[in-house]
Amino acid sequence: MAILEVTNLKKSFGPLEVLKQISFDVNKNEVVAVIGPSGSGKSTMLRSLVHLEEIDGGSIAVDGQFIVQEGVYSKPQQLKQITSKMGMVFQHFNLFPHLSVLDNLVLAPKLLKEGSTADLRKRGVELLAKVGLADKADVLPAKLSGGQKQRVAIARALMRNPDILLFDEPTSALDPELTGEVLRVMKDLAQEHMTMIVVTHEMEFARDVADTVLFMDNGEIIESGSPVDLLTNPKKERTKAFLQRTM
Ligand code: ADP
Ligand code: MG
């Protein structure tokens, strides 16, 4: 069953057409890896899903509820409620530097009055334990390695119990020796059947963890399929050329 339905998504920045009628579905419990060259529109696509970008046309529905239907956005209240079903993890962590790790987790749900401070802190502590950072609750982000910061960002994204987690190149800003600990947490989430869309250059992760791989180029989805089909037996020339450059 599709939990996310994207239909004919269009987005331009001025004269630059960045997303050209993109359509795809994501099923509940599915892990979708999105690959493609820099500038192909991957980040814009993810940001559009959570309304960090306003699209020019097309539809996005989560669990059958429209964020935007044929270019017309839902009312603010409904929009907020639907986008809150998605959590996002960014390449550069986006942690608040002046807040402790635990306060980074608690801040947004507290502002949105999604629970008592005590309950939110309890949940935050549990999620920090889940990502292997139980002992870091009270430190500032500056005291953490990049891998630890990204695991905090994942815990933060989990605070609101999202139905779908979106990752935008979560390991691209990390030293190679720190990518493993972040990918490990993401693999654990996949094994717990979290629905995820992961923009990544980690082909091994795509091959081992994803159910479906989408290849984007120049604002279009060129090809999609199982990791085995797409990564080892691509049909389109552009996919072949991209994989030859990266693998
Ligand atoms: P990717 O994540 O695949 O590298 P992006 O979605 O970041 O691609 O960018 C796609 C294209 O859109 C690029 O040409 C980029 O320069 C352009 N772009 C992205 N964001 C903006 C923006 N806010 N204003 C203008 N152009 C943008
Ligand atoms: Mg990007």
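Q: How far is an oxygen atom of ligand 1 from a polar backbone atom of G41?
A: A polar contact is a pair of N or O atoms within 3.5 Å; within protein, one must be able to donate a hydrogen and the other to accept it, and residues adjacent in sequence count only if both atoms are side-chain atoms. In this predicted model, the G41 backbone atom and the ligand 1 oxygen are 3.0 Å apart. S40 also contributes a backbone N or O atom, 3.1 Å from an oxygen of ligand 1. K42 uses a polar side-chain atom, at 2.8 Å from a ligand 1 oxygen.

Q: What should I know about the numbering and the model?
A: Residues are numbered from 1 along each chain as its sequence is written, while chains are lettered from A and ligands numbered from 1 in the order in which they are written. The model is predicted: local features need pLDDT of at least 70, side-chain atom pairs count only at pLDDT 80 or more, and totals for chains, interfaces and linings use all residues; side-chain values use heavy atoms, with hydrogens and water left out.

Q: Which residues surround ligand 1?
A: A residue counts as near a molecule if one of its heavy atoms lies within 4 Å of it. Here the surrounding residues are F13, L16, V18, P37, S38, G39, S40, G41, K42, S43 and T44.

Q: In what order do the six strands form the open sheet?
A: Strands are DSSP runs of E, at least two residues; helices are runs of H or I, at least four; both are numbered from the N terminus. Two strands pair if DSSP finds at least two bridges between them. The order is β7-β8-β9-β3-β10-β11, with mixed pairing. β7 (86-89) and β11 (220-225) stand at the edges; each has a single partner strand, so one side of each lacks a neighbour in the sheet.

Q: How many bridges join β3 to β9?
A: Four, and the two strands run parallel. V32 has I197 as its bridge partner in β9. L166 also stands opposite I197. β3 pairs with β10 (residues 212-217) in the parallel sense, again over four bridges. There, A33 stands opposite V213.

Q: Is β3 buried or exposed?
A: Buried means under 20% relative accessible area, exposed over 50%, partly exposed in between (1.4 Å probe, protein chains only). In β3 (residues 31-35), five of five residues are buried. V31, A33 and I35 point one way, V32 and V34 the other.

Q: Where is Q150 found?
A: Q150 is in helix α5 (residues 146-158). Q150 is buried, at 0% relative accessible area.
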